[in-house]
Amino acid sequence: YPGADANKDGRLTAEEARDYREKMQAAQGKRQAQENAARPKLTAADVSYGPHPRNVLDFYKAKSDRPTPLIVYIHGGGFVGGDKSSINPIILKLALENGISCAALHYRFIDGDKILLPMPQQDTARAIQFLRTKAKEWNIDGRKIACYGGSAGAGCSMWIGFHDDLADPTASDPVLRESTRIAAVGTMGGQSTYDPIEIKRLIGGRAWEHPSIFKAYGLKTAEEAQNPTPEQKKLYDAASAINHLTADDPPLYMVYNEADGPLPENPRPGQGIHHPNFGRQLKEKMDSLGVENVMVYAPAEPGRNVSQEMFEFFQK
């Protein structure tokens with residue numbers, strides 16, 4: 001953030017950093033207020049798609065005489081926070097203007113005990129199944145669904161996109177009879193894997209020590225994270241989207257913003273958890289399988305409108 005260096009002396013003081021942060025927060029607050037004022041009206045709010053209190057979603061219906069495609073937003077927050085109201089306003093506006101409906105959803109947060117990964121991902125997959133049951137009522141084309149999100153929401157979106165179909169034709173619950181397969185995926189800062197052993201290899205430093213990684217599997221110590229029980233390793237494998245990737249999976253548009261290159265000598269725990277190496281790992285495997293993908297490192301191209309590009313990717 002070179003703009004934070006107010007006197008341009010090449011050194012950033014604590015005071016300059018605080019002033020810049022306050023300036024940026026004020027500007028962000030103003031933008032958020034403008035976005036909220038211009039945000040389209042919800043067609044349906046907090047609709048329950050499952051048994052847990054956080055199994056709810058919002059729906060924005062596009063005007064169309066024909067069933068509309070659907071873009072589904074899944075929020076980030078390390079699987080411990082976040083809200084569906086953070087839906088990207090640019091993608092939402094462009095979608096509705098072009099006859100594409102949108103949805104945004106919540107999911108269960110991990111607690112280190114009864115709710116572990118991949119339970120949040122399973123929630124989001126169920127939301128896709130639920131949305132397909134509403135196809136007639138909400139004028140949705142169930143063949144044309146895309147998912148996107150940042151960080152945890154990116155991981156969920158890829159998990160849905162890459163996982164084998166979870167539909168169970170014999171289920172007593174009609175929601176579970178529907179397909180979980182989708183047509184496209186978009187991510188911001190997405191993690192290809194939630195395996196701390198693999199993250200340590202791929203990113204280095206202490207990225208694998210992110211607090212959510214420990215909470216995600218009920219881990220207590222770093223030693224335990226790197227030497228999991230067979231049951232915990234099964235959860236690592238099940239939760240990591242790249243483990244489910246096959247040649248028949250949908251195309252992916254991914255954006256990374258975090259600093260590239262090696263981590264500092266003394267990184268904080270979790271630093272690097274959105275590193276572009278996650279995207280490089282995905283791109284390498286997707287290219288080898290012949291699956292369409294686009295990776296954008298946004299800091300290298302500051303004028304690029306990645307929100308519009310991601311929408312156009314979905315539209316295509």
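Before going on, a word on the model. It is predicted, so local features need pLDDT of at least 70 and side-chain atom pairs count only at pLDDT 80 or more, while totals for chains, interfaces and linings use all residues. Residues are numbered from 1 along each chain as its sequence is written, and side-chain values use heavy atoms, leaving out hydrogens and water.

Now select residues 277–289, which form helix 10. Helices are DSSP runs of H or I with at least four residues, strands are runs of E with at least two, and both are numbered from the N terminus. Helix 10 has 13 residues and reaches 18 Å from its first C-alpha to its last, close to the 18 Å expected at 1.5 Å a residue (1.5 Å times one less than the number of residues).

Next, colour F278, G279, Q281, L282 and M286, which are buried (under 20% relative accessible area; exposed is over 50%, partly exposed in between; 1.4 Å probe, protein chains only). They lie on the same side of helix 10 because they cover an arc of only 160° around the axis, taken from the directions from the helix axis to the C-beta atoms. Turn to the other side of helix 10 to find E284 and S288 exposed.

The buried residues of helix 10 pack against helix 5, helix 6 (196–203), strand 7 (252–256) and strand 8 (293–297).

Finish in helix 5 (residues 152–162) by selecting G161. G161 counts as buried because its relative accessibility is 0%. Beyond its neighbours within four places in sequence, G161 is in contact with R181, I182, V185, D249 and P250 (heavy atoms within 4.5 Å).
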